[in-house]
Amino acid sequence: MTHTAQIQPTFEVWRSKARELLRQGVTPENVDWVDASQTASLLAEEPANYQTAPNASVKVPADFLRLAQNVCAHTDERRFAILYRLLHRLTLGGEKHLLGMPSDRDMHQCNAWAKAVSRDIHKMHAFVRFRLVGVNEPNGREQFVAWFEPEYRITRLAAPFFEKRFASMDWSILTPDECVSWDGEKLTFMPGMSRHDAPAADAHDDLWRTYYRSIFNPARLKVQAMQSEMPMKYWKNLPEAEIIHDLIASSETRVRTMIATPERPVKPSPDNAYLRKLHAQQHAD
Amino acid sequence: MDLTRKLEILADAAKYDASCASSGAARKDSRDGKGLGSTGGMGICHSYTPDGRCVSLLKVLLTNACLYDCHYCINRRSSNVQRARFTPEEVVQLTLDFYKRNYIEGLFLSSGIVRSADHTMEQVIEVARQLREVHHFRGYIHLKTIPEASQALIDKAGRYADRISINIELPSQQSLDRLAPEKNLTNTKQAMHGIRQRIDESLEAKQAARQIVNRPRAKAPAFATGQSTQMIVGADDSSDALVLHRADELYREVRLRRVYYSGFSPIPEPSVLLPIKPPPLVREHRLYQADWLLRFYGFDVGELLPKEDPNLDLDLDPKLAWALRNRAVFPVDINRASQELLWRIPGLGTVNVARILAARRWSRLTLADLQRMRVNLKKVMPFILAADHRPRLALLESTNLRQHFLPGPRQLELNFNAPPPTTPADAAMALSGQI
């Protein structure tokens, strides 16, 4: 018999449903996984339906849960099915060593998805830019808002990092899928918003661009190396990205100017007690 | 002078220091709600500039005024560059403002030498002190130290910083005498030994504290978790062998986390003693690859650089070059060979070697397995045996094997309108050090 597992696309919901199916001994080829958020069906099962089911019967390694958490955040529609097949093979299928076999097809696929998701999380940690919007009057906490467009559904996975780092500020990160905010006590998750709900700039962006311009070395231009680490899809939300083009365009002239500069003669040593001591020591060596 | 102009001058003055790591710090965060920031685990690059370098830290000098006359340096006293000076408060505020907006992981502070080594060191330390003690800043702090500063001041710097470093600059005293007459190799090494001792002591104290149960713990003295250095490549005529022997000595004797190799690149204000040349970017890249082989792949300098050839092959990566000189070692059976031997196969990085060791416990590996691990088959095939593969011995023995691996003809000089493409594989390699 074919089961249709229509679920909200989160790790928690997938895990509950997968546990239930596994307990019934349902084999992977008999489950049809459907993302309820894509089909808007009234039949979508709510996570609450599963909260009561005890989970003691199925034990899987913690490594699998970590993998599954990332895989569920991916957007490939095959992810729930392949993940369930992996779970089934690992438990009822008796393939206990599967997690140590990166060359297995299912493992390979899930590892690739998990890696893409973890890279996306890493880039979110790197490229979120907070904008100061005000101060919370009663307690004096500064309030910041950021707009970010991750590739996958990673808001929940990326949020704890910001909590640890910016616990003393109030902040919100808005994304198209899901938003998160921190008030000093707890993280709150909300539905996605639009770019226009976030401030477009911060007073410090100019100073940051000044730094970015000055730390760049025009004599070592490596545009591809930059782009492979900071793909252009992220540029529209990075305040510094708007000057990249000018920096590249002016590099050649800047280096030519350096080369055309007459070489500076050596100036004599100034009269300084510390230098005298240093030079005396050098000569004694 | 306004803050923007100061930042322009003092960031420009700091950009020739290649180090930008923000990894390897002790775990700390600000969940107590009092401070700001966190460190631990992987470093984060918050941006990349068009030179391909990561922007992780606010990297600035406190002042670019300097008594020293190092000819590769834009800030030397003979240069006519405009001078500026931050107050400690200005650097502290900039760091906090940038950090809160998630532009950076923390601060990398260095300084020109003014008045004396100790005086300069005190100014640098004051910035770190304010960040840590007044603002409870828990982000990353990297302080550049001056070897001639007193041990007490270096100790103090280490208590505030996550990483401290002293640049060795050039691999021999002879080169320093000519290009950096105020710098002394013996002093530098001595200071590095002093720092190593403190790092070791702090590590031991932490381990001891962990073993004491149910007793009031003496808090381990906090100290930086690592030190690093930088060597400039291409400013003097030192060979790669000299550079790598010096690096190797420092890794072993003072247990550096990293040696950064910085290809000498054209600077404004060139010195009459050091005419401008194009930056030796490929050489710098090869040195990093060789450095990785020394630290993580069990190679020693003599193997990578035989006496008769003291410079690295610019066309081939150093592991491949070694393999071509030592063909008798191959082919290596990926289903049987030891980890040490697998590490020596060109095209296999430590990560893939670990995967192979894990996977071969359950099945005999084939080329398709390697392909799924994203191994570059073209590169490894001449050197390995797999369940379904034996290399053509004729190829392994042929004199054309080198030809087989040489990159196609390409332009080596810098062309700014169409810079030579870096493949994503190159970039990933530079980042992960996988060779």
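**Exercise 1.** Find how the side chains of A:Glu229 and A:Lys123 meet, and state whether the two residues are buried or exposed.

*Solution.* Step 1: A:Glu229 and A:Lys123 form a salt bridge, with 3.4 Å from N to O. A salt bridge here is a side-chain nitrogen of Lys or Arg within 4 Å of a carboxyl oxygen of Asp or Glu. Step 2: A:Glu229 sits in helix α8 (residues 223-229) of chain A and A:Lys123 in helix α5 (residues 105-127) of chain A, so the pair, 106 residues apart, links distant parts of the chain. Helices are DSSP runs of H or I with at least four residues, strands are runs of E with at least two, and both are numbered from the N terminus. Step 3: both residues are buried. Buried means under 20% relative accessible area, exposed over 50%, and partly exposed in between (1.4 Å probe, protein chains only).

The model is predicted: local features need pLDDT of at least 70 and side-chain atom pairs pLDDT 80 or more, whereas totals for chains, interfaces and linings use all residues. Residues are numbered from 1 along each chain as its sequence is written, chains are lettered from A in the order in which they are written, and side-chain values use heavy atoms, without hydrogens and water.

**Exercise 2.** Describe the salt bridge between A:Glu142 and B:Lys100.

*Solution.* Step 1: the closest N and O atoms are 2.7 Å apart. Step 2: the pair joins two chains, because A:Glu142 lies in strand β4 (residues 141-147) of chain A and B:Lys100 in helix α2 of chain B. Step 3: A:Glu142 is partly exposed at 25% relative accessible area, whereas B:Lys100 is buried at 16%.

**Exercise 3.** Characterise the interface of chain B and chain A.

*Solution.* Step 1: the two chains bury about 7,700 Å² between them, 59% of it on carbon and sulfur atoms. This area is the accessible area (1.4 Å probe) lost on putting the parts together, summed over both. Step 2: chain B gives 96 residues to the contact and chain A 81, contact meaning heavy atoms within 4.5 Å. Step 3: five salt bridges cross the interface. One of them pairs A:Arg264 with B:Glu269, the closest N and O atoms being 2.6 Å apart. Step 4: on the side of chain B that touches chain A, the largest share, six residues, comes from α1(B).

**Exercise 4.** Locate the buried residues of helix α12 (residues 350-359) of chain B.

*Solution.* Step 1: B:Asn352, B:Val353, B:Ile356 and B:Ala359 are buried. Step 2: they lie on the same side of α12(B), because they cover an arc of only 135 degrees around the axis, taken from the directions from the helix axis to the C-beta atoms. Step 3: their cover includes α11 (339-342) and α13 (367-372) of chain B.
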